[in-house]
Amino acid sequence: MNPSSLELAVLLLMLFLHLCFIPTLAAQLQNHIDATLGSGNLREAVRLPPGEHPNEWLAVNTVDFFNQVNILYGTLTEFCTASSCPLMTAGPKYEYRWADGVSIKKPIEVSASKYVEYLMDWIEAQLDDKSIFPQKLGASFPPNFQDVVKTIFKRLFQVYAHIYHTHFEKIVSLLKEEAHLNACFKHFVLFTWEFQLIDKGELAPLYELIESILQFFFKIYFVLGKRIVSFCFASHAAF
Ligand SMILES: [Zn+2]
């Protein structure tokens with residue numbers, strides 16, 4: 001074998017190894033990510049850290065969840081248009097109409113993309129309002145702070161409900177973001193559950209999915225609309 005053939009053989013071998021090992025590494029990383037998010041760490045991650053003020057904790061997480069949903073929906077903007085989604089729906093049974101109680105008092109029918117635009121602008125205005133979300137550490141929160149946070153979470157949930165019901169196939173087939181969407185939603189559900197931020201009735205469009213997430217982390221029975229946590233969460237199982 002002359003030197004040029006040897007070089008060619010080495011090159012081909014490297015290319016072969018490269019093609020073989022890249023998917024394996026990607027699969028390993030994905031398994032690692034799934035295992036981390038599916039472990040008790042995520043359950044623990046939503047809990048109020050010792051010594052932390054509940055409102056500070058809610059404020060930090062509200063900003064994080066807002067950013068997550070904003071990015072997730074941002075990947076769908078070319079598919080969620082006024083013609084594809086003329087109404088803001090979550091399956092055939094649920095439709096959301098926009099009102100902010102200030103400039104729009106009577107709920108109006110708008111396309112999903114317009115609804116999400118109103119919703120994100122409204123949340124951003126709350127987050128930027130220093131009288132609601134004080135930016136200095138130790139500054140006091142307004143008495144209605146938790147009510148504002150609950151409204152923000154209720155509205156962020158509506159975006160998840162629309163994405164799962166209307167755009168999930170696109171997320172799986174084209175965007176390959178299913179694992180990321182599910183991981184974000186699991187985190188969102190656990191945080192919402194921990195602090196009881198959304199009424200059960202509001203969760204109805206994704207009730208089965210939420211129930212399956214909660215049943216994985218807890219052993220929960222829903223009896224006559226009340227929750228009963230009968231056993232501690234499954235902290236070491238893979239999800
Ligand atoms: Zn849409």
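Trainee: How many of the chain's contacts between residues at least 6 apart join residues at least 24 apart in sequence?
Mentor: That's 67% of them, where a contact has C-beta atoms, placed from the backbone, within 7 Å. This is a predicted model, with local features needing pLDDT of at least 70 and side-chain atom pairs 80 or more, while totals for chains, interfaces and linings use all residues. Residues are numbered from 1 along each chain as its sequence is written.

Trainee: And how much of the chain is buried?
Mentor: Of its 239 residues, 22% count as buried (20 or more other C-beta atoms within 10 Å).

Trainee: Which residues have the most contacts inside the largest nonpolar core?
Mentor: Leu156, Val159 and Tyr160, in a core of 39 residues (buried nonpolar residues joined through C-beta atoms within 7 Å).

Trainee: Where does the largest share come from?
Mentor: From α5, with 10 residues. The elements giving two or more residues to this core are α3, α4, α5 (145-175), α6 (178-194) and α7 (207-217).

Trainee: Back to Leu156, what does it touch?
Mentor: Phe65, Phe66 and Val69, leaving out residues up to four places away in sequence.

Trainee: New topic: how do α3 and α4 pack?
Mentor: α3 (residues 54-74) and α4 (residues 112-128) pack at about 155°, with axes 11 Å apart (lines fitted to C-alpha atoms over the stretch in contact, angles from 0 to 180 degrees). Val63, Phe66, Asn70 and Tyr73 of α3 meet Val116, Met120, Ile123 and Leu127 of α4.

Trainee: And how many helices and strands are there?
Mentor: Seven helices and four strands (DSSP runs of at least four and at least two residues). From the N terminus the order is α-α-α-β-β-α-α-α-α-β-β.

Terms used. Two residues are in contact if their C-beta atoms, placed from the backbone, lie within 7 Å. A residue is buried if 20 or more other C-beta atoms lie within 10 Å of its own, exposed if 12 or fewer, and partly exposed in between; C-beta atoms are placed from the backbone.
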